[in-house]
2 protein chains.
Amino acid sequence: MTIYKAPLDDMRFALYNVLGAEKVLAGLEGGGDHNRELIDAVLDEAARFNEQVLAPLNASGDEEGCHYDKATASVTTPKGFKEAYRQYADGGWAGLTAHEKFGGQGLPHVLGALTKEMIDSANIAWGIYPLLSQGATDALEHHGDAWQQDTFLKPLVEGRWTGTMCLTEPQAGSDLGLLKTRAEPNGDGSYKVSGTKIFISAGDHDFAENIVHLVLARLPDAPAGSRGISMLVVPKFRVNKDGSLGERNKVAAGAIEHKMGIRGSATCVMNFDDAEGWLIGPAHKGLMAMFTMMNAARLAVGIQGLAISERALQNSLNYARERLQMRALSGPVNPDKPADPLTAHPDVRRMLLTQRAFVEGGRVLAAYAALQSDIETRGTDESERKKAGELLSFLIPIAKGLLTEAAQECTKEALQIFGGHGYIAEHGMEQFVRDARIITLYEGTTQIQALDLLGRKIMQLQGAGLKHFLGEISDFCHAHASDEALALFIGPLAVAAKGWGDLTQDVAKRAAANPEELGAAAVDYLYYSGYVTLAYFWARSVLAASVAGVPADVRQSKRDTASFYFARILPRMHMHKAAIDAGVATLPEVI
Amino acid sequence: MTIYKAPLDDMRFALYNVLGAEKVLAGLEGGGDHNRELIDAVLDEAARFNEQVLAPLNASGDEEGCHYDKATASVTTPKGFKEAYRQYADGGWAGLTAHEKFGGQGLPHVLGALTKEMIDSANIAWGIYPLLSQGATDALEHHGDAWQQDTFLKPLVEGRWTGTMCLTEPQAGSDLGLLKTRAEPNGDGSYKVSGTKIFISAGDHDFAENIVHLVLARLPDAPAGSRGISMLVVPKFRVNKDGSLGERNKVAAGAIEHKMGIRGSATCVMNFDDAEGWLIGPAHKGLMAMFTMMNAARLAVGIQGLAISERALQNSLNYARERLQMRALSGPVNPDKPADPLTAHPDVRRMLLTQRAFVEGGRVLAAYAALQSDIETRGTDESERKKAGELLSFLIPIAKGLLTEAAQECTKEALQIFGGHGYIAEHGMEQFVRDARIITLYEGTTQIQALDLLGRKIMQLQGAGLKHFLGEISDFCHAHASDEALALFIGPLAVAAKGWGDLTQDVAKRAAANPEELGAAAVDYLYYSGYVTLAYFWARSVLAASVAGVPADVRQSKRDTASFYFARILPRMHMHKAAIDAGVATLPEVI
């Protein structure tokens, strides 16, 4: 049985001490109400719900999994999941960050990010259901007609209904341009949607009375490829004019997948058979709406990585302190016990610090990104909003790519600390590894994140986000060049940031000559970017911890972890640079 | 459903072309018979058995798992496992490398290593049963009395019985000094063994009529800690003087573990309750006998890593060639198809080449190590035997550590190539990840391998093995300094090898001043050593492929993969050096 305690102190440290979120939020439209008292109260309440309601269902949900009944084409979720969702909806969590005009609470996205982390630490499989609703909510907020918002968005915000994103088809995974699902106009504004979608998270379940499917499909006159994709809303049950439910629509789950992990999450094959739907946004412009929901979802998946790593860390740290095995190499630290704790062994500390460096550094990164989302949507200055949007869109593939890949390493190390016991189901560590394995795959693989970062955010958009971010790092380095607390960090950070800029120019030049160089560099570039990004947030964390009023143990822990990060993790950037420098010539056809 | 085809061509390339094994074996005692014709015939037969009998049981064995019946305290293995074992025993595979005087075939260990690779590619869970028998065979060959060899060893070699290694106890994992199982003399030469052992692979099953447990326990007068451990043989059924089976001994499986993977392998809790046993070797010297079986088992576990990576590679390469998704960045390579194959994307090739570099390089490493075992046991020259033994004992932690950790990376990348499909059980890729996760844990974790390498093989034994190995690399570099085929490789290899020597001296110096530095450096030192070791074997592979008679595609593939390895994998050594240089100061107590 694994433990989970919401890391409220570190969340507050990231939010208030490192990012100064209180002041930032106060400056936003409607931000006057979003003071520390309110945010702290929400965090406390989220901790209570997630520790007490969701966390205990994590192992049982994995063991039981979802059930599919062929006769009714319906999915039953594991014991307790449905009731937990009812509490979640009743608590108003579904509409936490949704706009007030749709019945939401309009609270900051940065608060949404922290509560999302708690949900996914407590129960990542369960957390996938509201994650999909969030995606649908975002798409409908931004791209839905007024009647669609009235009809579909409000019940989503209330948590009465849930949503899905129906993108993937058997032949169309990363390559959505290949999708075949068709949508034919009925002449009354509605469409008949037909096709098969796979890997549809929350495609069917027993949480809610209706499910709002957002479906990518082609209209009869659609251009080929990704420029001919439209988005439609297709509810599980038709909706009458008064909002009450009508008859069953012609969409149903055809099967659920048997997966390595997140077994409490229903991953469905969805069959659309002339199902009634309505176009969201303009015809053939579905990818734009898709990216609206995808971008928020990608940051959320990065947060899943941080969340599962946090819980793995808590459990492995606990075990390492309690498990007695072997003596310290320099002599017993526990002479009155039969052996020393695992923490007496330096490599165990390496594995623990690796997790902590990614988790706490990643938490600042995720919160920073979410805060840009708040500034983008509620900033009072147009240029500030634009800048925040550019920073956010630049940081999303980094956060998604790095934090999901780091979660592979963190959960692996956490299991390793348990030795053979880590391999046994009852200790729960292997579930973290299995659950974490999905996150480098869905919402765009690491390879897709890397191409998004380098191909789109850097090359196509002239790297606006990178320029802002490097400028910010440079300002930080200059401002604190003679700050004693940062003496160990500013130099290497400045070098790393300069290297990032140089590397970007070099890759851009080579990719202009041969586009294959972009593909050969992208994943290593993503890692390089991620490591420098975390170095910046670790330096900021040390600064934040150095001021008066911060408890001595927090100050020491932040310093220690940052020192570890700069000495033992950040040097990985050289390996990635070497790989990028080697270029596509070292990636020949595999014979 | 996954594919598996024994990589016979590459096995022969490693054996004959790279390592010149034909000539080496011919020079050993009894080696005249071990000619290429014989070895090829055995390899072909092994391929047939493993492809046709074991490989098809891999997925079904995982799905079904083992069953434990509480009433009879007995384990039933998955459907087909028992029958496969019968074929294995009938084929003489159990005694392949055992000495002729015990009924074995006395074939070379290097042949045993290659057939073991096939078994573990085909079905790693099944392969654990004969692996444990092999360990027991080794221990009894070297440390058993004549009557013990007659009574217990011969049926093991015939495959009528199987063996176990009963080491771990709940409080004693990596730290065997903490074990509590007791053995009290009965006065007639036998002992009463009592205690509980956990994680006992093949502890019970339905393969064989008897099971030979080799058990670590304490005699009443045992000194505390690891110097007070004895080894005893405890059969499941007592054995009469004529070799027939007597009554059931007081040892039984109390439960089986529910594990992340290798679910077809029975991992048992074994209860010894005044079970009859006999001392193997001298009292209190059990760890010596334990290391005899452990060392061979560690190399075998390294081979498991290579084996599972080989199968993951075969499947991901196959998928990458067939799956059409997106266009190459420089324009369609498949203009008449809806999309290009995954292999058109450079990062997919990176993931494939990573696997190939570890698999094919690791195969040469494993075969080289096994060949040292042949020279050690059958060499005609005393100093040659001693040198081979030192090389082997030095290379075992490197092979075990590197190849098991590389298997984590290889199976992860192989799954990644499948995208979301990799996460679905039916594709079989996630089983490889789950199965592979055990191998960095059992037979000594990576941390234990690292301490064995740096603490024991380097520091305590004055690094004899390292000196031999660095000498060999240096000789190779000098001999081929002006060899055109090796122009890209000799320089970096010589630098890396020199760096290895320097690093070793530096770490040794620091560890002498502070033993904690050894623990802080060990795992990074293991990786560093592993990467340089593989660089050497890749350079030798390029050389071997450059001579006349080698097919052009093999020559190109070896060159390409070596270039990839030197450009994109070997640079990782710098990161490990940076971590080592940072020292224990960067691994403080975790607050």
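**A walk through chains A and B**

Let me start with an annotation: an unreviewed UniProt entry places "domain: Acetyl-CoA dehydrogenase-like C-terminal" at residues 469-587 of chain A. Please keep in mind that this is a predicted model.

How many helices and strands does chain A have? The count is 17 helices and 11 strands. The C-alpha atoms fill a box of roughly 80 × 60 × 60 Å along the principal axes. For 591 residues, a compact globule would have a radius of gyration near 25 Å, so the 24 Å of chain A agrees with that. Of those 591 residues, 66% count as buried. If we take contacts in chain A with a separation of 6 or more, 74% of them join residues 24 or more positions apart.

What about the surface and the charges? Chain A has an accessible surface of about 20,200 Å², and carbon and sulfur atoms make up 53% of it. There are 58 positive and 71 negative charges in chain A, and their mean positions are 2 Å apart.

Let's move to chain B and look at helix α11, residues 429-436.

Is Ser309(B) buried or exposed? Ser309(B) is buried, because its relative accessible area is 2%, and the cut-off for buried is under 20%. Beyond its neighbours within four places in sequence, Ser309(B) contacts Gln355(B), Val359(B), Ala407(B) and Cys410(B).

Here are a couple of backbone angles to look up on your screens. Asp274(B) is not a glycine, yet its phi is positive, at about 55 degrees. Most residues other than glycine have a negative phi. Asp274(B) sits in strand β11, residues 267-280 of chain B, and counts as partly exposed at 36% relative accessibility. His284(B) also has a positive phi without being a glycine, at about 65 degrees, and lies in the loop between β11 and α8 of chain B.

My last stop is Gln171(A), in the loop between β3 and β4 of chain A. With a relative accessible area of 23%, Gln171(A) is partly exposed. Which residues does Gln171(A) touch, not counting those up to four places away in sequence? In chain A they are Leu178(A), Leu179(A) and Lys180(A), and in chain B they are Arg323(B), Leu324(B) and Gln325(B). If you want a distance to check, Gln171(A) and Leu451(A) are 280 residues apart along the chain, and their C-alpha atoms are separated by 20 Å.

Definitions and conventions
Residues numbered from 1 in each chain as written. Chains lettered and ligands numbered in written order. Predicted model: local features only at pLDDT ≥ 70, side-chain atom pairs only at ≥ 80, totals over all residues. Heavy atoms only, no water. Helix = DSSP H or I, 4+ residues; strand = E, 2+ residues; numbered from the N terminus. Rg over C-alpha atoms; globule rule 2.2 N^0.38 Å. Buried < 20%, exposed > 50% of the residue type's maximum accessible area, 1.4 Å probe, protein only. Contact = heavy atoms within 4.5 Å. Areas by Shrake-Rupley, 256 points an atom, 1.4 Å probe, with all protein chains shown as cover. Lys, Arg positive; Asp, Glu negative; His and termini not counted. Charge placed at Lys NZ, Arg CZ, Asp CG, Glu CD. UniProt positions renumbered as here; feature names shortened; annotations may be inferred.
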